[in-house]
Amino acid sequence: MQLRLTLILVALLAGGLAVAQDGAVRGDLTAEDLARVRAVTAPTTDFSRAENFEGKPAGAGTTTFAANADSFSHFLDNLSFEQEEQFKLGNALFRKIWVSSPSSTQASDGLGPLFNARGCQSCHIKDGRGHPPFEGQAENVSMFLRLSVPGGAGDPVYGTQLQDFAVPGLMAEGRMVIDYVEVPVTLDDGTVVSLRQPSYAVADLSYGPLAEDVMLSPRVANPMIGLGLVEQIPAEDILALADPDDADGDGISGRANWVVAPETGTEMLGRFGWKAGMASVRSQSASAFAGDIGISTPLVNRPFGDCTEGQAACLAMPTGEQERLGVSEAPDPVLDLVTFYAQTLGVPERRDVDEPAVLRGKAAFYGAGCASCHTPKFVTSRNAENPAHRFQLIWPYADFLLHDMGEGLADHRPEEQADGFEWRTPPLWGIGLTETVSGHTFFLHDGRARNLVEAILWHGGEAQAARDAFAAMSQTTRDDLVAFLESL
Ligand code: HEC
Ligand code: HEC
Ligand SMILES: [Ca+2]
Ligand SMILES: [Ca+2]
Ligand SMILES: [Ca+2]
């Protein structure tokens, strides 16, 4: 374990040096501050006690309320009073239930014509993650299928996403069907864990067949916490962790997903979504309005949402823009407020950081190589527009880069630069509160893992060695590692 740890340290240092040589060092800091940031974000080697500020994942923005179902719904602790007001307006819009056009309540109409849900909060339940349909639950709210054909375009008829709802008078596109097969996995100590391997199909197609070569990618909604801080991690610090050709030979590469930002038309580092296909909270929110709810915004001006030329009935439905003569269904400042809300949700304080089991679990996490992708800490940009996001030591436990996670997790569907095997390392902050907030413990991009142990055992590809290290641990050490994750 000691050797493995040393290798990781060497790897991280080498990554840092490589970037220094490229000259791509973050530009917001003096040399002196840069040195301080490097020191404070260096991986720890002392697992005898908690690190300074480790209990505060969002720095000064960390929320300190008792853990309960509202734990993900608090604003950053360091917002100004005026910003709290803005947050509350954004919250109301995030929870708003949109209705179809025409309607007497013009301020809320424009839903669809095709949609997955009527509001943001329907999927990002309690500002937490979505889930696959529960037993006996027919509707797929909080999870959907992305669609595309080779080359990157959407299905010629069904577009980029399967909408399982439609406004009155229009047929929904179809229904996602999930079939699970139990696959037993034996750990080194003989313990057997059963993983459920999903397969996806579409039933009740209303607009003819899907393209023969269509690719499906299932996604549950991500938790909403800390996103404004993630946005303020300097791209240089994320890119410093990338090692696309695995130059250091540790089996882990990590690639950036470069995407064209709709705000500027320029390429930016993707960091949001399960494949890092979106560069900003604002663009992700605007595309959710259009694709998931069918609401146009000034940034993604698609009042027909995901309707395609192949869906004439959909394009013949009324939209909110027709009623309001070309004004977006969600006109300014709706997108600004929702974006602000999504950027200023806080991250709850950690629990039990000093518990011996948690500290042992943290050592096991580093020892197994989990921290090679689940990068513990960053310091946000000093130039962040919002003072609440500025120069904070944050602990997301993610590098936000793409990793080949092996055949088991592959969706075989590329997105921007990500291939069909790659997924973005998701942040782990708050993960221990999933059950408290969401009432379930379904993890990974499609919610297939029913608990943290299953989530770890699904890791393959670049993470195979880390997964195998976990499978080789004693039951006690595995429990400690889970106790550490539960404390995040
Ligand atoms: C039908 C369900 C659904 C609805 C409704 C929905 N989302 Fe999402 N959201 C998702 C899914 C699924 C993802 C992951 C998408 C991906 O991987 O590309 C996501 C991702 C996000 C992310 C990125 C989070 C991260 O950690 O990277 C943001 C921000 C977001 N949604 C905001 C919104 C906003 C704002 C609204 C309302 C306008 C909204 N969403 C409505 C399902 C939904
Ligand atoms: C090679 C990079 C890599 C390594 C190493 C790695 N992970 Fe991950 N981890 C990921 C990626 C990528 C995902 C998302 C996969 C998906 O959703 O299909 C993920 C997902 C997870 C999740 C579920 C997160 C969520 O929001 O659903 C947990 C928990 C987790 N990892 C824990 C660990 C632990 C513990 C280890 C060490 C034993 C580890 N990971 C090692 C890249 C890595
Ligand atoms: Ca569609
Ligand atoms: Ca490497
Ligand atoms: Ca609409």
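The model is predicted, so local features need pLDDT of at least 70 and side-chain atom pairs count only at pLDDT 80 or more, while totals for chains, interfaces and linings use all residues. Residues are numbered from 1 along each chain as its sequence is written, chains are lettered from A and ligands numbered from 1 in the order in which they are written, and side-chain values use heavy atoms, with hydrogens and water left out.

**Stop 1: ligand 2 and its shell**

Select ligand 2 and display the residues near it (a heavy atom within 4 Å). There are 26 of them, and the closest are C370, C373, H374, H445 and H459. By type, the shell holds 17 nonpolar, six polar and three charged residues; here Ala, Val, Leu, Ile, Met, Phe, Trp, Tyr, Cys and Pro count as nonpolar, Asp, Glu, Lys and Arg as charged, and the others, Gly among them, as polar. Two elements, β12 (422-424) and α13 (452-457), each supply at least two shell residues. Helices (H or I, at least four residues) and strands (E, at least two) are DSSP runs, numbered from the N terminus.

A polar side-chain atom of R129 is 2.9 Å from an oxygen atom of ligand 2. For L444, a polar backbone atom lies 2.7 Å from an oxygen atom of the ligand, and for H445 a side-chain N or O atom is 2.7 Å from an oxygen atom of the ligand.

**Stop 2: the iron atom**

Centre on the iron atom of ligand 2. Its protein donors are H374 (NE2) and H459 (NE2), at 2.0 to 2.1 Å; donors are N, O and S atoms within 2.8 Å of the metal (3.2 Å for Na, K and Ca), and sites may look incomplete because water is not among the atoms. H374 is in the loop between α11 (356-367) and β9 (378-379) and H459 in the loop between α13 and α14 (464-471), so that the pair links distant parts of the chain, 85 residues apart. H374 is buried at 11% relative accessible area, and H459 is buried at 19%; buried means under 20%, with a 1.4 Å probe and protein chains only.

**Stop 3: the calcium ion, ligand 3**

Select ligand 3 with Y158, Q161, Q163, E173 and D306, which coordinate this calcium ion at 2.3 to 2.5 Å. The angles among its six donor atoms run from 52 to 167°, which makes the arrangement irregular. Q161 is buried at 3% and Q163 at 0%.

**Stop 4**

G110 is buried at 2%, and E329 at 1%.

**Stop 5: V300**

Finally, select V300, in the loop between α7 (281-293) and α8 (312-315). V300 is buried, at 14%. Leaving aside residues up to four places away in sequence, V300 touches A286, S287 and A290, where contact means heavy atoms within 4.5 Å.

Methods. A polar contact is a pair of N or O atoms within 3.5 Å; within protein, one must be able to donate a hydrogen and the other to accept it, and residues adjacent in sequence count only if both atoms are side-chain atoms. Buried means under 20% relative accessible area, exposed over 50%, partly exposed in between (1.4 Å probe, protein chains only). Four donors count as tetrahedral if all angles lie between 85 and 135 degrees; four count as square planar and six as octahedral if opposite donors are over 155 degrees apart and all others between 65 and 115; anything else is irregular.
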